[in-house]
Each structure stands twice: as C-alpha cells, then as structure tokens.
Amino acid sequence: MESIIFWGFNLYAWITIATVLTMFTVLLFTKLRADLVFLGAISILFVTGVLNAKEAFSGFSSTSVVIIGVLFVVVAGLTHTGVLQWIVKHLLGQPNSYSKAVIRLMLPVAALSSFLSNTTVVALFVGIVKMWSKKLNVSPSKLLIPLSYASGMGGVCTLIGTPPNLIISGLYAEHTGIAMNVLATTIPGLFCLFIGVLSIIAMRKLLPDRKAPEAAFESTSDYTVELLVPSDNNNIGKTIAEAGLKDVRGGSLIEILHYDDVTSPVPDDEIIMGGDRLVFAGQIDEILDLKKSHGLVNADHHVFTMSEIDNDRQLRTAYVNFGSSLINKKIGGSSFEKENNMILVAVARKGKRIDESPHEVILQAGDTLLLECPPNVNIHTERLSSQLQFFDSAQVPNIGKKTLISTTIMIAMVVLSALNVIPLLQCAFLAAMAMLIFKCCNVDQAMKAINWEILMVFAGSVVLGVAIQKTGIAERLAFGILDVCGTNPIVVMTAICLVGTFITEFISNTAAGAMFFPIMYQAAEKLGYEPYPFLIALMVSVSSSFATPIGSPTHMLVYGPGGYRFSDFMRIGLLMNFIILAANILIVNIIYPLTPLNP
C-alpha cells in the first residue's frame, strides 16, 4: 500500500488526508460530540494500518495531555476557594473612561488566563462585566469582545495557559529531548497582549453598540400577568385542561397559587378553585383577553417578582449555545421543560424581547431565555450545559485562608517549573495533591472538574499530528510552502502562521496546533534552522482566533450576553488577526533570533 503513489502521496497519506477533512467537515456541520469524532478518526487510522497500536494510543500517554488533565484539578482548587472572585473584587474598580475600563478589564483577565482555563475565567467575568458596564454607562457589547480576546491572548503567555502550547511544547520535547521552559512564550505573549489592548482602544468604534439581551427582562411585570379566579367562576371544579387555560393565545400558564401553595409546572389535571391566582407568561395584551373569555379578573397586585419568589423559585437567564439541539426548534410541544424541571417565561433576541408566545418561538443560537427554576435545580448537567449557558449560578465560594493557600500552591507550581527545579509534569501532580491535602477542593469536585471530552480531543489531536508526520504529509506540505515562499525563513514562518491563524477560526486551536507542528518543524529543518522560534510563533498564531464566534469557546460564551451578530466579530476580528500576526512575527524574531542548525 505504501508503494502506491498518487500526486506525491502514498495510499496511507491519502487515507489520513481524507480522514482529517471528513473529521473537520463533521465538526463544522453537525452536532456530534467532538470527542466521538476524534475517536472515530483515530479508529480509522488504526484499522486501516496508517498507525500501529502504539502510535494510535500515543495521545493518551502524551505528557502534555496528562498535564492538562492534572491541571483541571489545580484549577478546581483555585475556583472553589474563591481566588477568581477575590481578584475581580479588588482589581476592576471604577474607571472614568472607556480606555481605562478596557485596560482594567483585559490585564487581570489575561493574567488569570495565563494559568487558568480561559473558559472558566470568562464565564466568571461575563456576569461581572454586565453589572460593571451598567455602572460605567457602557453597553456590555463594548466590553465583552475585549474580555474574550484578553483571555485568548493571556493564555498564550505561559505553556500551561492554553492547550496548544502544551501540545506543541510536548511534541518538541519528544523530537529533541529538550523541554521548553514554562515561561517560554511570556515575552512574545505580553507584547502581543500590549498591542492587542492598544488596538482595541484605537478600534473601539468597530465594536458594536448592542443592547444587552437581559435589558428586555428588567421587570417581571412586563412579561407576566396574574389573573384571579372569582368565587362564582364557571370553571371552578374543572381541570386546567378542561377549562382551556394551559396553553392560551399569546402565552401559557406557568403557575397556580392556591392560597400559600405554589404549583409549578402546572399539570393538565390540576383542579381550579375559587380565589386561585393564575400566573401567565407571554404576550400580555393577548393574555388579558382571558378576562372576557374565561371570566377572570385582575389580581390585587403583581406578586410574581424577584423579591417574592427567591424562597420558592428562581428566574435564571440562559443563552442558547452554538450547536445546541434547541436551535431551529420550539420549546412548545417538546419535553425540554419537563425533563429539566424548568419553565420558559420569555425569549429575547438581539436585546429585544420577542412579542409572541415564548413556547412558539423558533430558537436561534445566541437567543436569551428567561427560565423559571426551583432553587435546587442542577443547571450544570452535561445534557443541559451542552444546550444552554447559564451565568447566574448562586454558588459563590467563600473567600478565606484557603484562598491564600490555593494561590500559594499555584505560584509555587509555576516558579518551581520556570526555574527548572522540578519538571512541569511533576509540579502539576504535586500542586493537584496539595489542593486535595489542604482541602482547597474535595475528591468529588476534583473529579468533576476533569473534562474528559476535552482530554479526548487533546489526545486525538496529538495522534493526528503523528499521522500527518508519519505519512509524509508534513514534509510534502513543508516543501510545497518552500516552493511558494522561497527560502526566506521569516517569510515561511509568516506564511505558516497566517494559515494557522485562519484555520483556527473554524477548528479547535488544539487540533490546529497538533496539525501544524510537524509542518512548521519540517519547514524549519528544511531551511536549516532550529525549529524553536518557529514553534513559539506557531503557539501564538493558533491561539489568535478573533474573527468568528465559533473560533473559540470564550467567544461563544460572550456571544449571547453581548447581543452580538456573527458579523460583529469579523468587523474587528479580521484586523486583529493581521495586527497580532505582525506583532507575533516581529517579537519572536527579536527575542528568539533564528539560529542555523549545527552541521
């Protein structure tokens, strides 16, 4: 099979190319879980003989993948001891201009993202930024894109800040036997961050001024109405279904108040009694027609308010994720509410509440949903979190002595690794053990913090990199790039980084890093230069996705809360891609001058 050559590639190479293209097509256009797609790709490469057993499972034993898994536990310790909350409380302040606000926001976020999961950091800051923007009298959309950008640029500043850095540095260590320092990307990362902050301030007019989606939900009386059942009503003794009061024109019945007893959700066989208060949600003017059609009257006062429902039930805001199974569907007629023990009260899109029955709205990615839930409802289940993103979790950790302990553990891990006292893998294991020993998090919390789906994607990315290199694809592509770009090393470095920057707008930055590592490594060697600076530039490039909301999980986190449109990211993001690329190439070649390989 290896002897069959077509267009310069053998059969194994074509199998690998077809597998990679199919995998990315499936990831882009279907809702299949990423870990299953990567597992399927590995299986094909193994079954067809492209990779042997050792190579097919090399990702699971990769040092960089193990480090990522252990770091989940370290992050759990920091999260559960309130480190993030302490930083937010003491660093944001009350700036008196937009420029100062951007700086006060982006620098702490970048610093945190250098050591923690940027998704965790952004998820925490989204709610804070929404409240902060009100105090500053600035639209949240002017600050949420900078928030997401800062987390990506900050992650580049250390090897542990973003998975591609760990993957690329791990592969480099396997090829050369030389481990990169945990702070190898710090100076290039900080320089790009500095340029990025200045660019955001200079291009602030390109940031959209969108109305916050939750502005449509500022008063519960705007979208709920209570009607009273008088004692002589003809429907007394009937069930809700028999009286035709469950789903009415313009809305639906979400609760019944029998004196002090609250029933929600309301079953079809619930009996109507005199004095009942019926709470409807939806288009208020249409629901008020029930006074004529069903003999209902206005309630004495509107009791369905946040201050009065906190003990019994809660209103939560959620945003429809990209790839959610709810997209292009209606909640009405589905089992979503029953399965998750919550009621849809209202829907907003692009900052405006949709004036029709919420159950009849065909949902889109980024829609804002107002949901009524019991206080103890679990909004973090895998099924629910894949569909909706909640930002109003009431679980706020207490700040105390454990906050200091977890911070000390994290700093010690970074310092010991940076000074090469202990290798990063051992440092990560020691830090994770310390978090458990000092009870910064318990075993349950640590295990739940490990995202096995993400680890599967990381492992799969490593295996794809192995296949691309083994089959000669990397070498052929490297020669192809040299044929087009010539032998100028800076031109070649820029060309590969440019392609990597735009590829990562559509696929995982981890996968982009693993795919482009062998190409960049081979290109550097063919030119006769040490690959180290080329790979540092690649690390920055594959984490520089600014132009599409699907380019990074953090972009998707801010997409709904900011009321953004898809094109909003492109307006400023395309320019940011080129600006950061230029800054990246410049600083890398200053800090790490190109060095010829020893003959």
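Predicted model: local features only at pLDDT ≥ 70, side-chain atom pairs only at ≥ 80, totals over all residues.
Okay, let's start with helix α5, which covers residues 63-80. That's 18 residues, and from its first C-alpha to its last it reaches 26 Å.

Is α5 enclosed or open to the outside? Well, 14 of its 18 residues are buried, so the rest of the structure largely encloses it. After α5 comes G82, and there phi is positive, near 80°.

Now, the inside of the protein. The largest nonpolar core has 140 residues. Which of them touch the most other members? Those are L105, L147, Y149, I160, M413 and L535. As for where the core residues come from, helix α24, residues 509-527, gives the largest share, with 12.

Let's pick L535 and look around. Skipping its neighbours within four places in sequence, L535 is in contact with I168, Y172 and M180, and also with F517, M520 and Y521. There's another core too, lying apart from the largest one. That other core has 18 residues, including L326, V361, L371 and L388.

Last thing: how confident is the predictor? The protein's average pLDDT is 80, and 86% of the residues score at least 70. But watch two stretches. Over residues 301-311, pLDDT stays under 50, and the model has 28 contacts beyond four places in sequence for them. Over residues 393-397, pLDDT also stays under 50, with 11 such contacts beyond four places in sequence.

Conventions
Residues numbered from 1 in each chain as written. Heavy atoms only, no water. Core = buried A, V, L, I, M, F, W, Y, C linked by side-chain atoms within 4.5 Å. Buried < 20%, exposed > 50% of the residue type's maximum accessible area, 1.4 Å probe, protein only. Helix = DSSP H or I, 4+ residues; strand = E, 2+ residues; numbered from the N terminus. Contact = heavy atoms within 4.5 Å. pLDDT = per-residue confidence, 0-100. Expected span 1.5 Å × (residues − 1).
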